[in-house]
Amino acid sequence: MSDALLWTALADPHRRAIVALLLERPRPVGEIVEACGLSQPGTSKHLKVLREAGLVRVRQDAQRRVYTLDPGPIAELDAWLAPYRKLWNTSLDALGDRLDETAPDTPEEPAPKD
């Protein structure tokens, strides 16, 4: 799998919506078409891009094609994003600390009685 294929596949909002659907559970093409509101040929083109990028797998179930998310490429993305996540967390922690420092003192409300 090429990184470029992966990023290109995820750049499209329709394909990200399909990935989000498949995160919930495997789905036949008909369900994906209905959930995304796209035509069947349009959905098939998006599924082909996702399949070529390695993000989804397909299996035949009688007359239906059922798509499922392949976690491997998602794990690779997660590993690639890890250093940036640390940067964001550090920045958010610093922001939280600054907000705590500048927050006006407010009395705590008493806990509700049972």
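The following questions and answers cover the helices and strands of a predicted model.

Residues are numbered from 1 along each chain as its sequence is written, and side-chain values use heavy atoms, with hydrogens and water left out. In this predicted model local features need pLDDT of at least 70 and side-chain atom pairs count only at pLDDT 80 or more, while totals for chains, interfaces and linings use all residues.

Student: At roughly what angle do the axes of helix H1 and helix H2 cross?
Tutor: Helices (H or I, at least four residues) and strands (E, at least two) are DSSP runs, numbered from the N terminus. Axes are lines fitted to C-alpha atoms, for helices over the stretch in contact, and angles run from 0 to 180 degrees between N-to-C directions. H1 spans residues 3-11 and H2 residues 13-24; their axes come within 5 Å and cross at roughly 95 degrees.

Student: Why is H1 called roughly perpendicular to H2?
Tutor: Angles under 35 degrees count as roughly parallel, over 145 as roughly antiparallel, 65 to 115 as roughly perpendicular and the rest as oblique. The crossing angle here is roughly 95 degrees. That makes the arrangement of H1 and H2 roughly perpendicular.

Student: Which residues of H2 make the contact with H1?
Tutor: Contact means heavy atoms within 4.5 Å. From H1 come Thr8, Ala9, Leu10 and Ala11, and from H2 come Pro13, Arg15, Arg16 and Val19.

Student: At which residue does helix H5 bend?
Tutor: The bend at a residue is the angle between axes fitted to the seven residues ending there and the seven starting there. In H5 (residues 71-102) this angle is about 45 degrees, and Pro83 follows within four residues of the bend, which lies at Ala82.

Student: What is the order of the strands in the open sheet?
Tutor: Two strands pair if DSSP finds at least two bridges between them. S1 and S3 are joined by 2 bridges, while S2 and S3 (residues 64-69) pair over 6 bridges. The edge strands, S1 (27-28) and S2 (56-61), each pair on one side only. With antiparallel pairing, the order is S1-S3-S2.

Student: Which residue in the turn between S2 and S3 has a positive phi?
Tutor: Asp61 stands opposite Arg64 in S3. S2 and S3 form a hairpin with 2 residues between them, and the positive phi, about 60 degrees, belongs to Ala62.

Student: Which residues of H4 make the contact with helix H3?
Tutor: The axes of H3 (residues 29-36) and H4 come within 10 Å and cross at roughly 110 degrees. Val29, Ile32 and Val33 of H3 take part, and from H4 the residues are Gln40, Thr43 and Leu47.

Student: Which strands does helix H4 touch?
Tutor: H4 covers residues 40-52 and packs on the sheet. Its direction makes about 115 degrees with that of S2, and the strands touched are S2 and S3.
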